[in-house]
Amino acid sequence: MDIGLYIHIPFCVKKCAYCDFASYPGMLSHAQTYMEALSLELRAQAERFPACRARTVFLGGGTPTLLSGAQVGALLDAARSCFPFAADAEITMEGNPGTLTAESLAAYRAAGVNRLSLGMQAAQDGLLKTLGRIHRLHDVQEGVRMARAAGFENINLDLIYGLPGQTKTDWQETLERALDLSPKHLSCYALIVEEGTRLAISLSEGNLPPLPDEDAEREMYEAAIRAAKRAGLCQYELSNFARPGFECRHNLVYWTCAPYLGVGLAAHSYMEERRFGNTAHMGTYLSAVRAGESPQDSCESLTVKDRMFERAMLGLRLTRGMDGSRFARDFHVTPQACWGEKLTRLIDAGLLIWEGDFLRLTRRGMDVQNAVLVELMDFEAPKSGF
């Protein structure tokens, strides 16, 4: 069975103000111990899920580019010995532009990493400081230059809009500076202010400029679509754009509900119709793995109805839409039989459209995606129609 393999690297130089991921500054001295634990978990998972091949590998974090080339090489060797990589496997590594060197990038490429995803986020140094980022615009520009010199062709840049005090002019400049670097892939995400983060606290205390309003945020999103199109990047998902052939194959694993396995701190998996996740506590994780025990702290068996809705919810994020034929093959019932008149009403309202076997959001539907999903959430899973 082909899977996507996610490996979490929790180390970072400094916690970004908006971050609520499992990332821990000041713990890099524990990296080797953590790498050894990852190898143990990989072996345990290979015994649990034998005969799996990794079509995609994603080193996420945290800041994976804090690891040395030797550490990344050893980690990928350990992963490959447990889950053989496909010959054309996409191997992505996330990176903070403020941590890159020419030497480390060359070592990552030599270790087999063939896709680099850099957190640019904004072009204005003031906004980067508000976000608590350790890099500045010139670090992004130099990082991309060094990455290309090291042999990286497939480079993604992550951007965030809707930041405190960010103007539409700021966002347009961010898009222009990012596209000046000719990335093969661009991700543009609206800021989500997570409870308990430094950003949420600063906003609640009135220590930051206000967030852009809903209309301004919508205009920023539309500006991203226009700018990416002009640069030859096609929108293939609500927040993601790529040159043809450079769509993120690992993320497509998630959006098409294909199986994926996550190892490491707080990593999540979807295997055998179950969703499960690891503890986010470093000590608990290390103790469990060393003792030969599972580091999982959550597990959920999905019902057929759960899986049907997730297929629709995630499939409709893609501009091509949800594959209706695959839905029918997997669930032995058509989407039309599942949602009946609701589906007809959404199509008649101009929010959904069938294109061949694919059900997708219209441009208008993308603007009210959440409302569409609320409509689709309530349904009775019918018995097999064939």
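Predicted model: local features only at pLDDT ≥ 70, side-chain atom pairs only at ≥ 80, totals over all residues.
Local features were taken at pLDDT of at least 70 and side-chain atom pairs at pLDDT 80 or more, while totals for chains, interfaces and linings use all residues. Residues are numbered from 1 along each chain as its sequence is written, and side-chain values use heavy atoms, without hydrogens and water.

Two packed helices are described by the angle between their axes and the distance between the axes. Helices (H or I, at least four residues) and strands (E, at least two) are DSSP runs, numbered from the N terminus. Axes are lines fitted to C-alpha atoms, for helices over the stretch in contact, with angles from 0 to 180 degrees between N-to-C directions. The axes of α1 (residues 31–48) and α10 (residues 282–290) come within 9 Å and cross at roughly 50°. The two helices are therefore oblique to each other. Angles under 35 degrees count as roughly parallel, over 145 as roughly antiparallel, 65 to 115 as roughly perpendicular and the rest as oblique. From α1, the contact (heavy atoms within 4.5 Å) is made by Thr33, Tyr34, Ala37, Leu38, Leu40 and Glu41. From α10 come Met282, Tyr285, Leu286, Val289 and Arg290. These residues divide into 8 nonpolar, 1 polar and 2 charged. Here Ala, Val, Leu, Ile, Met, Phe, Trp, Tyr, Cys and Pro count as nonpolar, Asp, Glu, Lys and Arg as charged, and the others, Gly among them, as polar.

Helix α2 (residues 69–82) has 14 residues. The expected span is 1.5 Å times one less than the number of residues. Buried means under 20% relative accessible area, exposed over 50%, and partly exposed in between (1.4 Å probe, protein chains only). Among the buried residues of α2 are Val72, Leu75, Leu76 and Cys82. Their cover includes β1 (2–9), α1, β4 (53–61), β5 (85–95) and α3 (102–111).

Helix α8 (residues 214–230) has 17 residues and reaches 25 Å, close to the 24 Å expected. Its buried residues include Met220, Tyr221 and Ile225. The buried residues of α8 pack against elements including β7 (154–161), α6 (168–180) and α14 (363–367).

Glycine 95 lies in strand β5. This glycine is buried, with a relative accessible area of 11%. Leaving aside neighbours within four places in sequence, glycine 95 is in contact with Thr65, Ser117, Leu118 and Gly119. Glycine 356 sits in the loop between β16 (352–355) and β17 (358–361). Glycine 356 is exposed, at 66% relative accessible area.
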